[in-house]
Amino acid sequence: IRHKVSHSTPYHPYDWDLVLDVLPDGTKAHVKDPVSYGVSTRRGIQAARQQGQPFCLLINIADPHKPFHAQARSGETIPDPHDPSRVFMPDEPPTPGFLFEDPVVSKELAHYYSSVRRADDGVGHIVRALEESGEADNTLVLFLSDHGMPLPFAKTQVYHHSTHTPLIFRWPGVIEPGTLDDQHMVSAVDFLPTLLDVLDLPHPDGMDGRSFAPLLKGQQQDGRDFIIKEYNENAGGSRDPMRAVQTKELLYIFNPWSNGQRVMATATTGTPTYRRMAELAQTDPAIAARHDLYQHRVAEELYDVQNDPDCLVNLIDDPAQQQKLAALRKTLEAWMVRTGDHMLDVFRHRDDPAVREAYVQQKEKEADERKGQRRKAKRKTAAPRRKQRNDLIALEVPESVTAGGPVTIELRHTLDAELGEQLVHVTLKGGPEGKRIERKIERISGEGLLEVTFDIPDSVPGSVVRFAAFVGKEYGSHLQHVQTEPVPVR
């Protein structure tokens, strides 16, 4: 495996035969260096040969995850030595229909496209390494992306452009090059049974997916006219559960967490595109409506993805769609029954706001308890802390903040040379209990000033927020922790 080892290791972990994050000269491979992925591929193939074994390489290219190539931060361009084979300019990429035309958006899209190009470059180095090994004709190559672009209404959602992602197979002697299957709908849960069939291995019990190996051989399959989408929580433990079913014609989404007040936690709020959307929402009614949907959503959504793939017009109350809507709900419920989905009961009572709210609050409680258990486990196994300091960082915040608007705080840092570069975790907390709303992680070194921008939710319990920050890889071993007094939300 190369890169994203923690993401790719099951909850009941086993040892990988070889982690390819270190280059042959002993240095750590840079995750944004396309050439290094070819180097890692050669190393993995060579290691398998030395063991007299076939190889299975999981190569996770970091692009186009953030930071993008030449990503803008506070108006400056981040130095990046790993240039893609083509750098896009702001006037080149088209703006997706689910976003809006604006120079800030165009600039971020150019950086995104450049990063996609750098990912393509990495794939090129991987494939060349495979060809040089002489095993290209004896190897199945699977290329996929895990989600849509990390911008609002794509990543961390279940819209069309959240899940309509690249999927490419290269199987010499079986798949004719250039073949395109645009008839059958497949999902990530189908990968394991498919690969088992390709390798002629038996299937274990309990898999939710279904093999599409016949499609790779040019055959047809019935029952490939819809997919199910599931989302439960983000990496920070924020519970915003959603379910969806999509056909080639329609997409139905169920959001039990939506109560008109709760704001969904998603990584895309840290993007310049989102910050610009929040800014324009103050004066532009159309963008304000999109911003409100982004934050709060509604309990049910229905979109004509054939004619409206950007999911701009919610047809949930359209009389002409009610028969098809009933069929989609029935399909989703059948899937929930078959898979033992914990959302089944609340889905059956989807018209009752009290049932929806009780379900989400219970899931939030479970997530909080789980995080508490992890923190206790970390404290038991953590290495002794270095002596904590009180002179490394300081926060400067405004006297008040505006509900629904952005706020920029300043973090002054003075790090000794011996500390080198450190991570700093900056958190926005809401309400009297100080529940985390959003956290951003940056890198600091030496003496300087870091500006961090958050978006204040439209509604905050108690109308107060706090800001906090700590220096270190994780809280259990932090070098310094600071927290502000409550700041009023106007």
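**Cavity, sheet and helix packing in the predicted model**

The largest cavity has a volume of about 30 Å³. With a threshold of 30 Å³ or more, the cavity count is one. The lining of the largest cavity is formed by Phe98, Phe153, Tyr159, His161, Arg290, Pro309, Asp310 and Cys311. By class, five of these lining residues are nonpolar, one is polar and two are charged.

An open sheet is built from four strands, arranged in the order S5-S6-S7-S8 with antiparallel pairing. Between strand S7 (residues 250-254) and S8, the antiparallel pairing extends over five bridges. Within this pair, leucine 250 lies opposite aspartate 304 of S8. Helix H9 (residues 322-339) packs on the sheet and touches S5, strand S6 (239-247), S7 and S8. The direction of H9 makes about 120° with that of S6.

Helix H5 spans residues 191-198, and its buried residues are Phe191, Pro193, Thr194, Leu196 and Val198. The packing partners of these buried residues are strand S3 (141-144), strand S4 (167-170) and helix H6 (213-216). After H5 comes aspartate 200, which has a positive phi near 60°.

Key: Residues are numbered from 1 along each chain as its sequence is written. This is a predicted model: local features need pLDDT of at least 70, side-chain atom pairs count only at pLDDT 80 or more; totals for chains, interfaces and linings use all residues. Side-chain values use heavy atoms; hydrogens and water are left out. Buried means under 20% relative accessible area, exposed over 50%, partly exposed in between (1.4 Å probe, protein chains only). Helices (H or I, at least four residues) and strands (E, at least two) are DSSP runs, numbered from the N terminus. Contact means heavy atoms within 4.5 Å. On a 1 Å grid over the protein atoms alone, a cavity is a set of points where a 1.4 Å probe fits but cannot get out, and a pocket is an open set with protein on both sides within 12 Å along at least five of seven lines; lining residues have an atom within 4 Å of a point. Grid points are joined across faces, edges and corners, and a volume is the space filled by probe spheres set on the points. Ala, Val, Leu, Ile, Met, Phe, Trp, Tyr, Cys and Pro count as nonpolar, Asp, Glu, Lys and Arg as charged, and the others, Gly among them, as polar. Two strands pair if DSSP finds at least two bridges between them. Axes are lines fitted to C-alpha atoms, for helices over the stretch in contact, and angles run from 0 to 180 degrees between N-to-C directions.
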